[in-house]
Amino acid sequence: MNLHALKEILDINVEILEESARDNGSDENTVVGIAKYAVGNGYEKLSNPQKYHFDNCIRPFIENVQCSGYNHEFEENPRECSNTLDDDDLVEHYQQGGKYCESCEAQASSDAHSKASFFRD
């Protein structure tokens, strides 16, 4: 669980949590308040009802986050990726509006290099 990533979500993209609250039938302000409290005090300090909201509305964004998958610009159908992002990459993931796993990142870099080489020649 990456509480630094949660702080990043609160700072730049709180809408993620608000939407998650709505999707789970929870109050948006309650979920955002719980997220703020957890960032400042830790998960252990949450009450059981707060942990329920945290586990259902917040945890999926800061633990075992699935890679969105890399899609080559000329492919019509998106590729599914079953990899999860490293906890260490989650802050960057939210700062950049998305980040790939190592495998997808390698494919994206390879494609970018091939494209640059093609246009250079």
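Helix H1 meets helix H3 through Leu 3, Leu 6, Lys 7 and Leu 10, which touch Val 32, Ala 35, Lys 36, Ala 38 and Val 39 of H3; contact here means heavy atoms within 4.5 Å. Seven of the residues in this contact are nonpolar, none is polar and two are charged. In this grouping, Ala, Val, Leu, Ile, Met, Phe, Trp, Tyr, Cys and Pro count as nonpolar, Asp, Glu, Lys and Arg as charged, and the others, Gly among them, as polar.

The model is a predicted one, in which local features need pLDDT of at least 70 and side-chain atom pairs count only at pLDDT 80 or more, while totals for chains, interfaces and linings use all residues. Residues are numbered from 1 along each chain as its sequence is written, and side-chain values use heavy atoms, with hydrogens and water left out.

How do two packed helices get described? The angle between their axes and the distance between the axes are used. The axes of H1 (residues 3–12) and H3 (residues 28–41) come within 9 Å and cross at roughly 135°; axes are lines fitted to C-alpha atoms over the stretch in contact, with angles running from 0 to 180 degrees between N-to-C directions. H1 is therefore oblique to H3, since angles under 35 degrees count as roughly parallel, over 145 as roughly antiparallel, 65 to 115 as roughly perpendicular and the rest as oblique.

Taken as a whole, the protein has six helices and zero strands, helices being DSSP runs (H or I) of at least four residues and strands (E) of at least two, numbered from the N terminus. Of its 121 residues, 33% are buried, that is, under 20% relative accessible area with a 1.4 Å probe, protein chains only.

Notes:
Buried means under 20% relative accessible area, exposed over 50%, partly exposed in between (1.4 Å probe, protein chains only).
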